[in-house]
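Me: I am new to this structure. Please show it to me, and then I will ask what the terms rest on.

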Amino acid sequence: MKINMPVTDKEVLMKDGTILVTRTNLKGIITYANDAFVEISGFSYNDLVGHNHNMVRHPDMPSIAFQDLWETSQAGKPWTAPVKNRTKAGDYYWVEANVTPVYKNGSVVEYLSVRYAPTREQVNAADKLYRELNNTRPTTIRPTGLAKLTKNIKEMSINKKALIAAILFLIPNVCSMIGSYQTQDMMHLGVVAGLTLVAIIFGYSIIADLLKALANSSDIFKNIADEKFQNNIDIDRKDQVGEFYRNLYSMQVKLNADLAYSKQVGAESLRIKQALDNVNSSVMVSNNNLEIIYMNNTVQAMFSNAEADIRTQLPHFDSSKLLGANIDQFHKDPSMQRKMLATLSSTHNAELNLGGRTLAFVANPVLDNDGDRIGIVVEWLDRTAEVKIQKEIAGLVNAVKAGDLSNRLELADKSGFFESLSEGINELTDGIDQAFAEINNAMQNLAMGNLSSKITADYDGVYGECKNNINATVDKLAEIVGQVRESADFINNASREIASGNNNLSERVETQASSLEETASSMEELTSTVKNNSENAQEAKKVSTNARRLAEKGGDIVTSAVDAMAEINESSNKISAIIGVIDEIAFQTNLLALNASVEAARAGEQGRGFSVVATEVRNLAQRSAAAAQESKTLIQTSIQKVRAGTEFVNETGTALTEIVTGVKQLGDIISEIAGASIEQSQGIEQVNQAVSQMDEITQQNAALAEEASAASVSMSDQSETMTSLLGFFQTVEASAGVKRAALAPKAPSAPARAKAPSQPAPIEGARIVASSDDSDDEWGEF
Amino acid sequence: MSNGANVNESNMKAQYLTFDLAGEMYGVEILRVQEIRGWETVREIPNTPDYIKGALNLRGEIVPIIDLRVRFMMENVEYTPVTVVIVLCVETEQGSAIMGIVADAVSDVLDVNLKDIKDKPNLGVKIDTQFIRGMYVTKDNMIMLLNVDKLLNPEQFEGISEVMS
C-alpha cells in the first residue's frame with residue numbers, strides 16, 4: 001500500500017458549503033478534479049489528473065477502510081465514510097467521502113467521488129475507530145458471526161421475509177384448522193380457512209404491489225442516474241405509494257430542469273471557451289493557486305514559438321505541459337510574483353524578459369458572483385520583434401545623433417508596418433547624409449579658399465534654407481574678400497603716404513622745438529617784469545595803507561571840529577538869549593520913558609525938562625533896542641554861519657570816510673594786484689614748465705614721428721603681405737582679374753598690373769614717391 | 001480937558017502918542033493917556049462883543065480892555081513881547097471913564113502943529129468916521145489921529161457893532 005510521507009499535525013478545514021469532486025476511472029486513476037479539490041489538496045491539476053487517487057491518502061487511514069471502499073465499489077454500490085486526507089505539504093483534512101459508481105447504458109463506466117465537510121462528531125468517531133483498526137488490524141470491517149447473521153436477516157429480501165411471515169402466520173391457522181377438522185367443527189374450520197385465505201390474498205397483493213412499486217422506482221432512479229428523465233410515473237394514486245411517486249416525479253422534473261440549466265450554462269461556457277480559443281490575443285486563465293487552468297490556441301502557439309528561447313533561461317520549460325502547471329515557472333524567483341498575484345484585485349501590467357524574449361502581460365482578477373476571486377486571467381503579448389526593431393531604430397538614431405550617417409536599417413527581416421517605418425527612416429538618413437555631404441564639400445572648398453564653389457542640388461525646407469544661406473555666405477564672403485582686397489590696396493597706398501607725411505612731421509617738430517626755446521626765453525623776461533610789478537604793487541599797498549591812516553586821522557579832526565562848532569552854536573544861543581534880555585530891558589525902558597513923557601506932557605510947562613530927559617531916555621532905550629537888534633541879527637547870522645560850518649564839517653567827515661573806504665578799496669585792489677602778480681609769476685613759471693615739457697614732448701614727438709615713419713613703412717610691407725595673402729581666395733572676379741585692374745585707374749601701368757596682379761607693390765610704391773610733393777602740401781595745410 | 005485941547009489947538013501945538021496897529025500908524029492925544037503897559041493876560045468878561053478882551057485891575061480900578069484890531073475888523077495878530085496896552089481916559093456926557101486899548105507896539109511921542117492936521121476923508125453920511133480926529137502926515141508916513149472920546153464911548157459900542165455886523 002502507498003504511504004505518503006511526511007505528515008504534519010496541521011489540520012486544514014474545509015469551508016462550509018464547498019464540495020470536493022473527483023472522477024476516477026475503473027482503475028482508480030483521477031480523470032477530473034474540481035477547483036475546490038485542487039485548492040485544498042495543494043497539488044496542481046496536472047499533478048492530480050492522470051495519477052492514482054491514493055496520492056492524497058493519509059497514512060493514518062487504515063488500509064482496510066480502502067479495501068472495503070474498493071470492494072464496495074467493485075460490487076457497484078455507493079460507499080460513504082469520513083476520510084482523513086493528506087495535502088501535498090503533509091497537512092491533513094477530514095471529509096465525508098461519498099463514492100458512487102456511474103452507470104452508462106447499464107454498466108459502470110467510472111466512479112464519482114463527492115466530499116462534504118464532516119461534522120466534528122463524525123470526525124471524532126471516525127478518528128477513534130481508525131485508531132482502533134490501526135491497532136487491531138482486522139481482516140475485514142464487515143460484521144462476522146452473529147452480527148453477520150443478524151445483519152443477513154435484517155437485510156433479507158422482502159419476498160423471503162413475506163414468505164416466512166406467511167408461513168409463520170399459516171402455522172397456527174393450519175393447526176387451528178386441523179383441530180377443527182378433527183372435531184369436525186366445520187363451521188369454525190370454514191371461517192378460519194376463509195379468513196386465512198382472504199388474509200393471504202390481501203397480504204400477497206400488498207407485498208406484490210409494494211415490490212412492484214419499488215422495482216419500478218428503482219428502474220426510474222437508474223434511468224435518472226443515466227440522465228433519462230422521461231419515465232412513466234403514476235402520479236394519480238391516492239395511497240402512500242402515490243405520494244411517493246409524486247415526490248419522485250417532482251424530483252425527476254426538478255433534476256431535469258437543473259440539468260438542462262447546467263447544460264445550457266455549460267454550453268455558454270463552452271461557447272465562450274471556444275471563442276477565447278480562437279481569439280488573436282494570447283489568453284491564459286489560472287486558478288487561485290496560480291495553476292494554469294486554461295490556455296487559448298494563440299497563447300499556446302505563442303509559447304511553443306518562444307519555447308526554444310525561453311529554455312535558454314528556464315531549461316525545464318515545456319510549452320506542451322503548461323496547462324495545469326503553475327505560473328511560477330515563468331520566474332526564477334516566483335515568491336514576489338506570487339505575493340503580488342495572491343493579492344491581485346485590479347489590473348496589473350508587467351513585462352517579462354525570458355531568454356531574449358520580451359513578453360508583456362496584463363493580469364486581471366476573475367471574480368465570482370459574490371465578488372470572491374476565483375482565478376486570474378492573463379493576456380500575453382510577445383513584444384520580442386517589436387523590441388528588437390525598437391532597439392535597431394534606437395541604434396540607428398543614436399548613430400545619426402553621433403554623426404555616423406553610414407548605417408541603415410536591414411529591410412529583409414521586416415514586413416508590414418515595421419518595413420515601411422524602416423524604409424522611411426533609411427530615406428530620412430539618406431537625405432541627411434546627402435545634404436551633409438554637399439554642405440561638407442562646399443565648406444571644404446571654402447576652407448581651401450575656393451569661393452566659387454556652391455551647392456547646386458535642390459533642397460526643400462530647412463535644407464533649402466541652409467543651402468541658400470551657405471551659398472549666400474560664400475557669395476558674401478567672396479564679395480567681402482573682394483572689398484578687403486580693394487581696401488588692402490588702398491591701405492598700401494595710404495601707408496606710403498603716411499610714411500612720407502611722417503618724415504615731414506618730424507622736420508616740423510624740430511622747427512617747433514626751436515620756436516619753443518625762444519618762447520622759453522621770452523617767458524623768463526616776462527617773469528622778471530611780473531616780479532617787478534608785484535614788488536611795485538606791494539609798495540603801492542604800503543602807501544595806500546598810510547593814506548588810509550591819514551584819512552582816518554582827518555576824520556577824527558573833523559569830528560573834533562564838529563564838536564567845537566556845536567559849542568560855538570551853544571554860546572551863540574546863550575548870547576542871543578542875553579541880547580533878548582537887553583532888548584526886553586530896552587523895551588521896558590522905552591515904556592517907562594513913554595510914560596514919563598506922558599507924565600511930563602501932563603505936567604505941562606513944569607514938566608518940560610522932564611520931558612526932555614524922558615525923550616533922551618527913550619532915545620537911549622531905542623538905541624539900546626536897535627543895538628540889541630543888531631547884535632541879535634549878528635548873532636543869528638553867526639549861528640547860521642556856524643550851522644553851515646557844521647554842515648560843511650560833517651560833509652568833510654563823510655567825504656573823509658568815503659576817502660577812507662576808497663583808500664581801503666584801493667589797498668585791497670592793490671593787494672589783489674600784488675596777489676595776481678604773484679599768481680601771474682607762478683602761472684608764468686608753470687607756463688615755463690609747460691614750455692619745457694612741450695619742448696621735451698616735442699623731442700619725443702620727433703622720435704615718435706620717426707618711429708611712426710618706420711611703422712608706416714612696415715605697415716606698407718604688411719599691407720602688401722595682406723594683399724598677397726588675399727590672393728589665396730579664388731573668387732570668380734579674382735580669377736578673371738578684372739576687379740584688380742579697375743582698382744588703380746590712376747596707375748600708368750594698369751594693363752601691366754592686370755596681367756600680373758600678384759606684384760602690385762613696387763608699382764604702388766612708385767606712385768607714392770611720385771606724388772610725395774602733393775602730400776607735402778596737404779601736410780602744410782594741416 | 002476939551003478946553004485944553006482947544007487951547008492947544010489955538011496954541012497951535014499938541015503932543016500925540018503914536019502906536020502901530022497892523023503896520024499902520026495911529027495916534028491918540030497924549031493928555032488922554034493914563035498909562036502905557038506891557039501886555040498881560042486879562043480877565044475875560046462874558047456876554048460882551050469880541051473886541052472887548054476883558055478887564056484889568058489897575059491899582060484897584062477895573063479897566064475894560066478893547067482890542068482895536070478886532071474893533072476895526074482887522075486881521076488877528078498874535079500878541080508879542082512888544083504888544084502894549086495903552087490906558088486912556090475917556091470923556092463922555094455921562095462922565096469920564098478909563099479904558100485900555102491893545103496896540104501892536106507903541107512908537108513915539110509926536111509934537112503936532114494943529115494946523116497940520118488934515119481933515120478926515122469924506123465918505124458920506126452912511127459911513128461913520130466920527131472916531132477919526134484927522135490925518136497927520138509926516139515925512140515917512142501918514143498917521144491917523146483917533147478921537148478917543150468917540151472911539152471909546154461905551155454908548156457907541158453896540159451901535160458900532162451893529163453897523164459893523
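This is a predicted model: local features need pLDDT of at least 70, side-chain atom pairs count only at pLDDT 80 or more; totals for chains, interfaces and linings use all residues.

Me: What makes up chain B, in helices and strands?

Reply: Chain B has four helices and 10 strands. From the N terminus, the order is α-β-β-β-β-β-α-β-β-β-β-β-α-α.

Me: What makes a set of residues the largest nonpolar core here?

Reply: A nonpolar core joins buried residues of kinds such as Ala, Leu and Ile through C-beta atoms within 7 Å. The largest such set has 48 residues, and B:Leu17, B:Ile86, B:Leu88 and B:Ala103 have the most contacts inside it. Helix α13 of chain A (residues 461-603) gives the largest share of this core, nine residues.

Me: Which residues of chain B touch chain A, by class?

Reply: In all, 12 residues of chain B are in contact with nine residues of chain A. β3(B) gives the most to that side of chain B, with four residues. By class, the side has nine nonpolar, two polar and one charged residues.

Me: How much of chain B counts as buried?

Reply: Of its 165 residues, 30% count as buried; the cut-off is 20 or more other C-beta atoms within 10 Å.

Key
Residues are numbered from 1 along each chain as its sequence is written. Chains are lettered from A and ligands numbered from 1 in the order in which they are written. Helices (H or I, at least four residues) and strands (E, at least two) are DSSP runs, numbered from the N terminus. A residue is buried if 20 or more other C-beta atoms lie within 10 Å of its own, exposed if 12 or fewer, and partly exposed in between; C-beta atoms are placed from the backbone. Two residues are in contact if their C-beta atoms, placed from the backbone, lie within 7 Å. Ala, Val, Leu, Ile, Met, Phe, Trp, Tyr, Cys and Pro count as nonpolar, Asp, Glu, Lys and Arg as charged, and the others, Gly among them, as polar.
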